[in-house]
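Dear colleague,

My notes on what was found in it follow.

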Amino acid sequence: MKPSLAAALTVLRKELTDALRDRRTLMTVLVSSVLLGPLALLGVSGLVASLESRAELREVYVAGLANAPTLQNFLERQTYTVKAPPGDYEAKLRKSEFLDPVVVVADDFETALARGDAPVVEIVSDSANQRSEAATARIERLLNGFSRERAVLNLAMRGVAVQVLEPMRVEERDLANQQTRATRITGMIPYFVMMAVLYGALTAALDTTAGERERGSLEPLLMNPTERWALVVGKWGAVACVSMLIAVLSSFSFLPGQWVLRSDTLAAMFQYGPREALLFLAVLLPFAAALSAVLMAVAIRCKTFKEAQASSTIVILATSLLPLVNIFNLGSQSPWHLWVPALAQNTLMTWVLKGEDFKLAQVLIPLGVCIALTLGGVWFVARMLRQAALK
Amino acid sequence: MIEVSGVARSFVAAAPAQRGRFGFAGKRAAARVIHAVRDVSFSAPGGHITGLLGPNGAGKTTTLRMLAGLITPEAGRLSVDGIDVVERPREVLARMGVLSDSRGLYPRLTARENIIYYGALQGMARDAADARAQDLARMFDMTALLDRRTEGFSQGERMKTALARALVHDPANIVLDEPTNGLDVLATRALRDSLRWLRTPAGGGKCIVFSTHIMQEVERLCDSVVVVAEGRTVARGTVAELLERTGQRDFEEAFVRLAFPSAAAVVPA
C-alpha cells in the first residue's frame with residue numbers, strides 16, 4: 001500500500017510542476033475566469049449607480065415648458081428641477097448621447113387643460129437606449145401624479161369626495177428580503193465561479209491524458225512498476241488541485257470586488273463576506289474533483305489533445321447550460337435539481353447568496369453525486385490506461 | 001536473463017461495416033483476426049547482446065510489449081530473471097529497463113527532471129535518482145543537456161534522455177525497441193558504444209535485448225541473433241552461425257533467405 005501511495009504522490013508532484021510551468025495557459029485561465037466575475041460585478045454596479053444618481057438628481061426634461069406653467073408648477077412642487085432638453089434631443093437619444101427621456105408638451109396645453117380637453121403629453125425615449133428606458137417609468141409615474149391631482153381638485157371643487165375617485169387603495173408589500181432582491185443582480189456570480197473551475201480543470205485534465213498519449217509518453221510511463229490506479233489517482237489529484245486553486249481564487253476574488261462597488265444600495269444588498277466565500281468553496285471543491293475526473297475520463301479515449309478538446313465540449317456544454325435552468329427559472333426549485341451536477345452547485349450557491357438556510361441533506365446529495373462521479377471517472381481512466389497506451 | 005518461449009498473441013481488427021439496403025449500416029463482416037505473434041521463442045543471457053531481427057510487422061514490438069506486461073500473451077511464457085511476467089509484472093518491471101517504440105518526454109520538464117521522475121516511480125530516493133541521472137548523463141555524453149527543458153531537443157538528444165530514463169534504476173535487463181530509429185550516424189555510434197560498455201563486467205554485465213530491422217546493426221553489435229518473420233522465430237544463433245547455415249557470405253542475403261524463404265527462391269543467389 002505504502003509504495004503505491006508514494007508513487008501517487010510522485011505523479012501528483014510531477015503533474016503539478018508540469019501544469020504550473022504552462023504559464024501561458026495558466027495566465028489565460030486566471031485572467032479570463034478569475035477576473036471576469038468581479039469585473040462584470042463592477043460593470044453592473046456602475047450601471048446601477050448611474051441610474052441611482054439620475055434618480056437622486058430629480059431632474060426632468062420638458063420641451064415646450066413655456067406652454068405649461070401648471071405642469072411646471074406641479075413638477076417644482078415635487079422638488080424636481082425642470083430643464084429644457086437640447087434642440088436635437090431625438091437624434092441624441094437614438095445615438096445614446098442623451099440619456100434622459102423628454103416630456104413634450106403641445107402648444108395649446110394650457111388652454112386645452114382649462115377646457116377639459118385632455119391634452120396629449122408625450123414621453124420621448126428610445127427603447128434601445130436602456131438608460132432612458134429605465135427613467136421612463138419614473139417620469140410616467142410623475143405625470144400620472146399630475147393627472148390625479150388635477151382630477152381630485154376638479155372633483156373637490158364640485159363637492160365630490162376623493163374616495164369616489166379611488167374606491168380602492170393599492171399598497172405593495174414585498175416579501176423578498178434585501179439579500180433575495182440582490183440575487184437578481186448577483187445571480188450570475190455562481191455561474192462565473194463554476195466556469196472558472198471548469199476552465200481551470202480543462203487544460204490539465206486533457207494534458208495528463210490525451211496529451212500524454214499524443215506525446216507518446218504514456219507507454220513508457222506504464223513500463224514502471226507502479227500500480228495503474230496510483231498513476232491515475234496522482235494525475236487526478238494534480239488536475240483537481242489546479243481546479244481547486246482556481247475555485248479558491250475565484251471565490252475570494254469577489255471579496256475585494258465588492259469593496260469597489262460604486263452603488264451604495266447594491267453594496268448594502270450584496271452580502272458576500274468570508275462566510276459566503278467559504279460556503280462557496282464547500283460546494284465547489286467536490287465539484288472541482290468530480291469535474292476533473294469526468295474530463296479525464298472523456299479525454300483518455302482521445303488520441304490527441306485536439307480530439308479531446310472536441311470531445312470535452314459536451315462536458316463544457318452541460319456545465320454551462322444546466323445552471324441556466326435556475327437562471328431562467330424554468331419551473332420552480334424541484335428536489336431533482338440537487339441530483340444534477342452543475343445545477344445542484346448553482347442552486348446551493350444561489351441559496352448562499354440569498355442568505356437562505358438549507359438542510360444538511362441538501363448538501364449531502366450533491367456531495368454524494370460528486371464523489372460517485374470522481375470514483376467512476378478515476379476507475380474508468382485506470383481501466384482504459386493500458387489500452388490507451390497501445391493505440 | 002530473459003526467456004521467452006512459444007508466445008502467441010492475436011488481435012481482432014474491426015471490420016468495416018457494409019452498407020445495408022437503404023444506406024443504413026448493414027451486417028458487419030466477420031471481424032478479422034490478425035496473428036501478430038504466432039510462436040516466438042528466445043533466451044537472452046546476461047552480459048550478452050541479443051538482437052531481435054525481423055522485417056516490419058514481424059511481431060517484434062508486440063513481443064517486447066508482452067515482455068513489459070503491456071499485452072497479455074495468449075500462449076507461451078515470458079520470464080525475466082526467472083520471474084513470470086504475467087504473474088508478477090511489477091517485479092519484472094523493477095528488474096528491466098525498457099526503451100519502447102514510443103519514447104515521449106515531458107517538454108516542460110528538464111532532462112534531469114524527466115529522469116528523476118522515473119527514478120521516483122521505480123521507488124528510488126530523490127538524491128539517489130539525481131546522482132544516477134548525473135552518472136548516466138556522463139555515460140551518454142549529455143551532461144550539458146541535463147538542466148535544459150526537453151522542449152526543442154533533437155532526435156538524438158531525445159533518445160539519450162529516454163534511454164537514461166529507462167536505465168535510471170540500474171536494471172539488470174535492458175530491452176530496446178528499434179533504438180536507432182531517427183538517429184544520425186554519430187548518435188548511432190555513440191549508442192552502440194554505450195551498449196557494448198553496458199555488456200562488459202565494468203558496465204554491469206547487462207542482459208540486452210534489442211529489436212531492429214537493420215542488418216548492419218546486428219552484424220556490428222550482437223552476440224546472437226533471433227530472426228523473426230510473420231510472428232515466428234525462424235532462426236537463432238550468432239551471425240557466423242546463420243551465415244554458415246544459409247551458405248551465404250552476405251548477412252543481408254542470409255537474412256532474406258531465413259525471413260522470406262519464398263522470395264529468396266525466386267531471386268537467384
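Which elements of chain B have the lowest and the highest mean pLDDT? With pLDDT being the predictor's confidence in each residue, from 0 to 100, the lowest mean belongs to strand S3 (residues 25-28) of chain B, at 56, and the highest to helix H3 (residues 111-121) of chain B, at 96. Where pLDDT is low, the predicted coordinates should not be read in detail.

This is a predicted model, in which local features need pLDDT of at least 70 and side-chain atom pairs count only at pLDDT 80 or more, while totals for chains, interfaces and linings use all residues. Residues are numbered from 1 along each chain as its sequence is written, chains are lettered from A and ligands numbered from 1 in the order in which they are written, and side-chain values use heavy atoms, with hydrogens and water left out.

In chain A, helix H2 (residues 23-34) has 12 residues; helices (H or I, at least four residues) and strands (E, at least two) are DSSP runs, numbered from the N terminus. Leu26(A), Val29(A), Ser33(A) and Val34(A) of H2(A) are buried (under 20% relative accessible area, with exposed over 50% and partly exposed in between, for a 1.4 Å probe and protein chains only). On the other side of H2(A), Arg23(A) and Arg24(A) are exposed.

In chain B, Pro201(B) lies in the loop between helix H6 (185-199) and strand S10 (207-212), and is exposed, with a relative accessible area of 79%. Although 155 residues separate Pro201(B) from Gly46(B) in sequence, their C-alpha atoms are 9.9 Å apart in space.

With best regards

Technical notes: The expected span of a helix is 1.5 Å times one less than its number of residues.
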